[in-house]
Amino acid sequence: MHDFRFSFNIFGFDSRDALLDRCRLGESAGYDTVFAADHLGAPAPFPLLVAVAGATGLRVGTLVLNSPFWNTALLAREIATTDVLTDGRLEIGLGAGHMKWEFDAAGIEWKPFGGRVEQLSEMVDGLRTSFTTDFDELPEGRTVPRPLQRRGFGGSGPPLIIGGTGDRVLRIAAAHADIVGVAGTFQIPGRPPGKFRLATAYETAERIRFVRKHAGVRAEDIEWHLLVQLVVETDDRRAAANEIADRLGGTLSVDDVLGTPYVLVGTVEEMAEQLRSHRERYGFSYITVHEPYLEVFAPVIRRLRERS
């Protein structure tokens with residue numbers, strides 16, 4: 001069972017100073033990692049991560065890159081350069097993409113899910129090859145940047161994070177990822193791509209079993225990642241869960257809200273106990289919250305560290 005690690009993700013910022021102040025606050029609150037997303041309408045991830053790493057001691061990462069957005073050779077260059085500039089503190093999350101409007105806006109072909117998963121698989125293989133290929137015809141004085149870390153991508157690059165809920169993505173995660181995230185969101189049938197509901201506790205456990213089965217002997221080395229969607233501090237868990245169920249449009253019952261690992265609700269001690277239970281049941285030890293919950297979740301980090 002892995003020790004707890006904690007992180008938050010950044011979707012945007014008003015200024016460089018505001019971004020760095022926020023990340024310094026996160027570092028002082030006990031967070032270990034800052035993640036950047038890869039969405040249109042959000043900042044470019046790699047410059048953001050380099051800036052944060054230069055101003056803090058935090059690890060940095062992508063959660064997650066849309067593989068179909070990227071050319072493999074150019075992404076390998078971005079990853080290697082960023083790993084060097086962050087002193088080997090980079091983690092790379094890769095995904096298949098799920099927001100069709102972004103593909104349309106960028107003029108990138110929106111393939112059926114199977115096609116996007118194939119692009120993800122090819123990206124993982126291609127990055128591993130790029131990190132280990134020697135280029136014999138470079139002009140004199142030029143060098144190819146290499147990642148400092150040798151953990152992910154077959155021991156040639158930064159730690160690799162892959163998350164999802166579908167069988168095909170989770171098979172890739174089981175085969176290649178150092179950190180696996182069971183995403184906890186399911187596409188709602190009959191709704192446009194990107195319209196999701198949260199997974200129940202039962203569905204989460206089933207997905208974890210699926211990954212472990214396909215990972216084989218690798219399963220014991222996997223670090224399990226949990227992206228918490230809501231953090232609600234309250235003295236009345238059931239009343240808060242009832243309100244959350246209403247906000248979620250009835251896609252989860254009140255009991256499902258109280259049971260799902262993707263919602264933390266209760267007092268600081270109750271939320272800490274939920275995470276201890278989730279680590280015991282599922283293996284989740286790498287916990288990410290959305291940036292708006294940075295302060296409200298910080299006391300939970302302190303409580304868990306006090307008793308770890």
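To how many aromatic pairs does the count come?

Analyst: The model is a predicted one, in which local features need pLDDT of at least 70 and side-chain atom pairs count only at pLDDT 80 or more, while totals for chains, interfaces and linings use all residues. Residues are numbered from 1 along each chain as its sequence is written, and side-chain values use heavy atoms, with hydrogens and water left out.

The count comes to 10 aromatic pairs. Rings of Phe, Tyr and Trp (its six-membered ring) pair if their centres lie within 6.5 Å; planes under 30 degrees apart are called stacked, those over 60 edge-to-face, and the rest tilted. One of these pairs joins Phe-35 to Tyr-286 and is tilted, with 5.9 Å from centre to centre and 45° between the planes. Phe-35 belongs to strand β2 (residues 33-36) and Tyr-286 to strand β12 (residues 284-290), so that the pair links parts of the chain 251 residues apart (helices are DSSP runs of H or I with at least four residues, strands are runs of E with at least two, and both are numbered from the N terminus). Phe-35 and Tyr-286 are both buried, a word that stands for under 20% relative accessible area, whereas exposed stands for over 50% and partly exposed for values in between (1.4 Å probe, protein chains only). Ring pairs also connect Phe-4, Phe-6, Phe-8, Tyr-31 and Phe-297 into a cluster.

The surrounding chain is as follows. The protein chain contains 11 helices and 12 strands, and its C-alpha trace spans about 70 × 45 × 40 Å along the principal axes. Its radius of gyration is 19 Å, which agrees with the value near 19 Å for a compact globule of 308 residues; the radius is taken over C-alpha atoms, and the globule rule is 2.2 Å times the number of residues to the power 0.38. Of the 308 residues, 50% are buried. Contact means heavy atoms within 4.5 Å, and of the contacts between residues at least 6 apart in sequence, 71% join residues at least 24 apart.

The loop between α5 (113-132) and β5 (160-164) holds Ser-156, and Phe-153 lies in the loop between α5 and β5 as well. Phe-153 is buried because its relative accessible area is 2%, and its phi is near 55°, a positive value in a residue other than glycine. Ser-156 counts as buried because its relative accessibility is 5%. Apart from neighbours within four places in sequence, Ser-156 is in contact with Arg-128, Phe-131, Thr-132, Pro-147, Gln-149 and Arg-150. Between Ser-156 and Arg-128 there are 28 residues of sequence separation and 6.5 Å in space, C-alpha to C-alpha.

Backbone features are also found elsewhere. Asp-87, in the loop between α3 (72-85) and β4 (90-95), has a positive phi of about 60° although it is not a glycine. Asp-87 counts as exposed because its relative accessibility is 57%. The peptide bond from Leu-63 to Val-64 is cis, with omega near -10°, and Val-64 is in strand β3 (residues 59-66).
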